[in-house]
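I opened my notebook to record what I looked up in this structure.

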Amino acid sequence: MNCSKKGAAAAADLADDLIVEILSRLPIKSVCQFKCVSRHWYHLISHPEHCKKLPHTISGFFYHNYRLNNDELIVFPTSDGILRDQERLFSDPSLPFLTGYRQIFLKNCCNGLILCLCRKVSPRDEANYVVCNPATEEWVVLPGSGDENIARAYRLGFDPAVSPHFHVFQILEGDEDYGYIAGVNIYSSETGMWNHKENGWGDNEIQIVSTRGVFFNGMLHLLTYQFMILAVDTEGKTWRTISLLESMRVTNLCLGPLAFIGQSQGQLYYINMRSYDGSKLSVWILEDYNGNEWIFKDNISTSQLFGELFDESFGKKDLMFQRDYALVAIHPECNLIYFVWRSEDMLLSYDMDRAVANRGEAPAGGKRAGRTGLAEVGGIASELLDDTDACCVYLPFVRLACTYMNRFQKGAAAAADLTDDLIVEILSRLPVKSVCRFKCVSRHWYHLISHPEHCKKLPQTISGFFYHKDRLIHEDEWVSFPTSDGISRDQEHLFSDPSLPFLTGYRQFFLKNCCNGLILCLCWKDSPRDEADYVVCNPATEEWVVLPDSGDESIARTPRLGFDPARSPHFHVFEFLEGDEDYGYITGVNIYSSETGVWSHKENGWGDNEIQIVSSRGVFFNGMLHLLTYEFKILAVDTEGKTWRTISLLETMCVENICLGPLAFIGQSQGRLYYINMRSNDASKLSVWILKDYNGNEWIFKYNISTSHLFGELFGESFGKNDLMFQRDYALVAIHAECNLIFFVWRCEDMLLSYDMDRGKFRVICNLKGHLYDIPFPPYLPYVPSFSHIGRPRVEA
């Protein structure tokens, strides 16, 4: 491809240790994406020594075995994300590096660090609180705060993506009879000192459930007996109270609040026992963190949790949450919960999306590991499920091999050695959410990322749509989103003139396709007027590439564009060929690569010679182009034409209209393939599906959306909801890449709207101009600014 090599050269100048240092501060999914930067980076990330320094997913649980009176470690097998040859990387649960102590009590764990109460060998009546990293065998002894006698609980707070420093929260009681919270002492590893703060929640009669809390969003969150969630930041400056809905407030006289809080995928979770049905749990998500908006997610019955184990035990209605079983963790990257069953001394997991429970087998000594990532655990004391601050806790352990203790500053020094242009070069290859997290590394990084010039180089969220005003006057329009959709007013100048004036030498052009900031256009020349070029352009950089002639235009379907800057700096164009003009069956594909500058021809590799694609509905995802067919299949082909895949659909996903074709839309969001179709038995509803297991063709039903939800109160001004048909009266045009937000066009009112599938809220974005009712919907191209270089601006002679 005719691209600038400046960015690649800058990345090549990075020393390997600096690359690894930067990658060590990313979430695990982003690190996996960086394997696609180059072969060198792939081998660098995969190297066993570097692998130790990079982030890992949850690898097991530390817990205290009361029968043996020692600590043990449950290690998950390969099915839960850890390879067998990596088990040696995980720690000895006895923490032997903590020398000088005769007894260790596990208290709390947060992102790879563990808080312990350690009793000394001598003098035997003294003890220290210690924060340690089992992966690096480093630790910090906390100084005394002076308030140990009235401390209700100790909680650990640490997020390496936000800060290299950890904090310990010492919750203080004021009244010994009632245990009301009087204040908080906060230890900072940056200063090595405790900081006392008086109770700032505005309520002097609150009691916390000390075993139920989570460090999330830079704040410690605690559940109270008064059915509130309290939050305080690491400096004791922000104090927040999160209220609960009435249906979330269930308690037991002996066990206290029958609820669990945790965090997963950047959201706060609350799971409680149903008040009117003790055999069920309700799952809630704090969808709008700033607005205290709880969203109900699912109901889970004990028969689902324990599966076929009920055949070996007593009835499901006899099992009580917090008495017979307890939740101990939520997986940070997926909707997977872990729980302990007291009767059988067993640790199990439950996948909330797939409604599948996993059971472990009895381990045979040493490190305990079950076949399915679960295990039988011995010696659960009666206090385990009670609301106490005993040491019988299960600590989900995420291995953290990087040094983040306050007395080890090597990592920080390495990061400081990076020049600003190299930092920006690295950040430019991250998703937008990760870049936002890096603002918290330091003040310097915050100002670096916020600088207007650097902002142009960094990834952006969706900023608007390109579209034609109508099919008679080919004048292009640009819909830009207001501030509430993620773009600030002072950034609007970064986005393009919809007329694309930099495309000189052309009298008219047609928007065909868009992918991650690049646009594919058919451009008619000024001279000779009967000739046209296919052009791929980047409106943000005003660069473009004219595609050479493939030689098959007369029998080619609408070409499709494929580009993913996280995988490759090169784009590809797919041109599908028809064999039979009467039926339009696909015989093969021509693929243009900007790396080579030439087309390559591939014969149809899907094993079916009678397939027709719906050319307006497709998505480039996971390095492959995915297309919907009239035969109700999704076809996929990679950029080299080597991998051809067919994804089958469920029977309920196959709905069509004789005039409009398949009544469905495909797109991608948050790393998953989405399929949205009209319900066959109810035209006023859409069904939303997610390809949960991409390799296994496993579709998961997610939502039902009615037209009354889509159009909200607009029905008061229009005709009835049952008269609206998908693809005739309205059409989906995009799914937001970072959240469950869909965009659609309502033809009757020439209106572009959005709908939040999680919150059930719609919003009018703008009125469109000049759209004709009796023709198909024109393409609406969702645009995400990209500053990747794809070519040089043409200089006219």
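What follows are my entries on helices, a core, strands, charged pairs, loops and backbone angles.

**Entry 1: the model.** I am working with a predicted model.

Entry 2: I began with helix H4, residues 39-46. Which of its residues are buried? I found Trp-41, Leu-44 and Ile-45. They cover an arc of only 90 degrees around the axis, so they sit on the same side of H4. I then turned to the other side of H4, where Arg-39 and His-43 are exposed.

Next I looked up helix H10, residues 443-450. Its buried residues are Trp-445, Leu-448 and Ile-449. Viewed down the axis of H10, these fall within an arc of 90 degrees, so they line one face of the helix. I noted Arg-443 and His-447 as exposed residues on the face turned away from the buried side.

**Entry 3: the largest nonpolar core.** In soluble globular proteins, nonpolar side chains tend to be buried together. I looked for the largest nonpolar core here and found that it has 31 residues. Which residues have the most contacts inside it? They are Leu-142, Phe-166 and Val-168. Strand S9, residues 181-188, gives the largest share of this core, with four residues.

Entry 4: I checked strand S31 (residues 532-538) against strand S32 (residues 543-546). They pair in the antiparallel sense, over four bridges. Which residue of S32 is the bridge partner of Val-535? I found Val-546. S31 and S32 form a hairpin, and four residues lie between them. In the turn, Glu-542 has a positive phi of about 60 degrees.

**Entry 5: salt bridges.** Side chains of opposite charge can pair when their charged atoms come close. How many salt bridges does a search of the whole structure find? The search gave me eight.

I looked at Glu-246 and Arg-249, whose side chains meet in a salt bridge at 3.7 Å, N to O. Glu-246 is exposed, with 62% relative accessible area. Arg-249 is partly exposed, at 35%.

I then took Asp-533 and Lys-525. Their salt bridge has its closest N and O atoms 4.0 Å apart. Asp-533 counts as buried, because its relative accessibility is 14% and the limit for buried is under 20%. Lys-525, at 22% relative accessibility, counts as partly exposed.

Another pair on my list was Lys-642 and Glu-640, with a salt bridge of 3.2 Å, N to O. Lys-642 is exposed, at 63% relative accessible area, and Glu-640 is partly exposed, at 44%. I also noted a network: salt bridges that share partners join Lys-525, Glu-531 and Asp-533.

**Entry 6: two loop residues.** Where is Ser-568? I found Ser-568 in the loop between strand S33 (560-562) and strand S34 (572-578). Ser-568 is partly exposed, with a relative accessible area of 22%. Its side chain reaches the backbone nitrogen of His-570 at 3.1 Å. I also checked Glu-595, 27 residues from Ser-568 along the chain. The C-alpha atoms of these two are separated by 9.9 Å.

Pro-134 is in the loop between strand S5 (127-133) and strand S6 (138-141). Is Pro-134 buried or exposed? Pro-134 counts as buried, at 4% relative accessibility. Pro-96 is 38 residues from Pro-134 along the chain, and their C-alpha atoms are 9.5 Å apart.

**Entry 7: backbone angles.** Most residues other than glycine have a negative phi, and most peptide bonds are trans. I looked for departures from this.

The peptide bond from Ser-122 to Pro-123 is cis, with omega near -10 degrees. Pro-123 lies in the loop between strand S4 (113-120) and S5. I found a cis peptide bond between Ser-527 and Pro-528 too, with omega about -10 degrees. Pro-528 lies in the loop between strand S30 (518-525) and S31.

Asn-111 is not a glycine, yet has a positive phi of about 50 degrees. I placed Asn-111 in the loop between strand S3 (101-110) and S4. Asn-111 is partly exposed, at 35% relative accessible area. Asn-217 also has a positive phi, near 60 degrees. I found Asn-217 in the loop between strand S11 (208-216) and strand S12 (219-224).

Methods: Residues numbered from 1 in each chain as written. Predicted model: local features only at pLDDT ≥ 70, side-chain atom pairs only at ≥ 80, totals over all residues. Heavy atoms only, no water. Pairing = 2+ DSSP bridges. Buried < 20%, exposed > 50% of the residue type's maximum accessible area, 1.4 Å probe, protein only. Polar contact = N/O pair within 3.5 Å; in protein donor to acceptor, adjacent residues only side chain to side chain. Arc of directions from axis to C-beta. Core = buried A, V, L, I, M, F, W, Y, C linked by side-chain atoms within 4.5 Å.
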